[in-house]
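This report describes how side chains pack and pair in one protein model. The structure is shown first, and the account follows.

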Amino acid sequence: MTVGGLLAPAVRAAIAATLAGSGYIHARLYADEYRFLPVVGPLFLLQASASFAVAALLLIGMPPLLRLAAAGMALGALGGFAASRTVGVFGFTEHGLQPAPQALLSILAEAGTLLLLAIWQATVTRQDRAARPPLRAPVWDQAITRTPPK
């Protein structure tokens, strides 16, 4: 199956679902625990809002800019997760996979988004190569095989 066939809507929906799932997790964490954190709380809310918006737009189409936005959101969330467990984010640090199970679910959703985007891109690239016209002979070969004009 190709991205242009029946696979396209399914992959688009899966990407939107993983991105929206990550947004939902961040929205719940904001509402339940993180809204009181000075900088980190609003960042959770921003990530949730942007994830929902990009997920909704991905259901309509998959232009490169939206794919890039989805990848950036997933990478940013994973980067923030890693930073909060190592160097801290605006003075905020966490340890391990806490809060459970949201931390693990968030990692899985964001990794799923990136994996599905990679599958989409690989399929699109393969289709583009298959759709290209055959390569013409190089100019120096054409000069040898041409018959002189009359």
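A residue is called buried under 20% relative accessible area, exposed over 50%, and partly exposed in between, with a 1.4 Å probe and protein chains only. The model is predicted, so local features need pLDDT of at least 70 and side-chain atom pairs count only at pLDDT 80 or more, whereas totals for chains, interfaces and linings use all residues. Residues are numbered from 1 along each chain as its sequence is written, and side-chain values rest on heavy atoms, without hydrogens and water.

**Nonpolar cores**

A nonpolar core is a set of buried Ala, Val, Leu, Ile, Met, Phe, Trp, Tyr and Cys residues joined through side-chain atoms within 4.5 Å. The largest such core comprises 17 residues, and Ile15, Leu19, Val54 and Leu58 have the most contacts inside it. At least two of its residues come from each of α1 (7–32), α2 (40–60), α3 (64–85) and α4 (102–131). Helix α1 gives the largest share, five residues. Helices here are DSSP runs of H or I with at least four residues, numbered from the N terminus.

With contact taken as heavy atoms within 4.5 Å, Val54 touches Leu19, Leu66, Ala69, Ala70 and Met73, leaving aside residues up to four places away in sequence. Another core, of seven residues, lies apart from the largest one and includes Leu29, Val40, Phe44 and Phe92.

**Aromatic pairs**

Rings of Phe, Tyr and Trp (its six-membered ring) pair if their centres lie within 6.5 Å; planes under 30 degrees apart count as stacked, over 60 as edge-to-face and the rest as tilted.

| Pair | Centre to centre | Angle between planes | Geometry |
|---|---|---|---|
| Tyr34 and Phe44 | 4.6 Å | 80 degrees | edge-to-face |
| Tyr34 and Phe92 | 5.5 Å | 70 degrees | edge-to-face |

What does each pair tie together? Because Tyr34 lies in the loop between α1 and α2 and Phe44 in helix α2, their pair ties together parts that are 10 residues apart in sequence. Phe92 lies in the loop between α3 and α4, so its pair with Tyr34 ties together parts that are 58 residues apart in sequence. Tyr34, Phe44 and Phe92 form one aromatic cluster. Tyr34 is buried at a relative accessible area of 4%, Phe44 is buried at 14%, and Phe92 is buried at 16%.

**Salt bridges**

Side chains of opposite charge can pair when their charged atoms come close. A salt bridge is counted where a side-chain nitrogen of Lys or Arg lies within 4 Å of a carboxyl oxygen of Asp or Glu, and the structure holds two. One of them joins Asp32 and Arg28, at 3.1 Å from N to O. These two residues are four residues apart in helix α1 and are therefore separated by about one helical turn. Asp32 is partly exposed, with a relative accessible area of 43%, and Arg28 is partly exposed, with 38%.

Arg85 forms a salt bridge with Glu94, and their closest N and O atoms are 2.9 Å apart.
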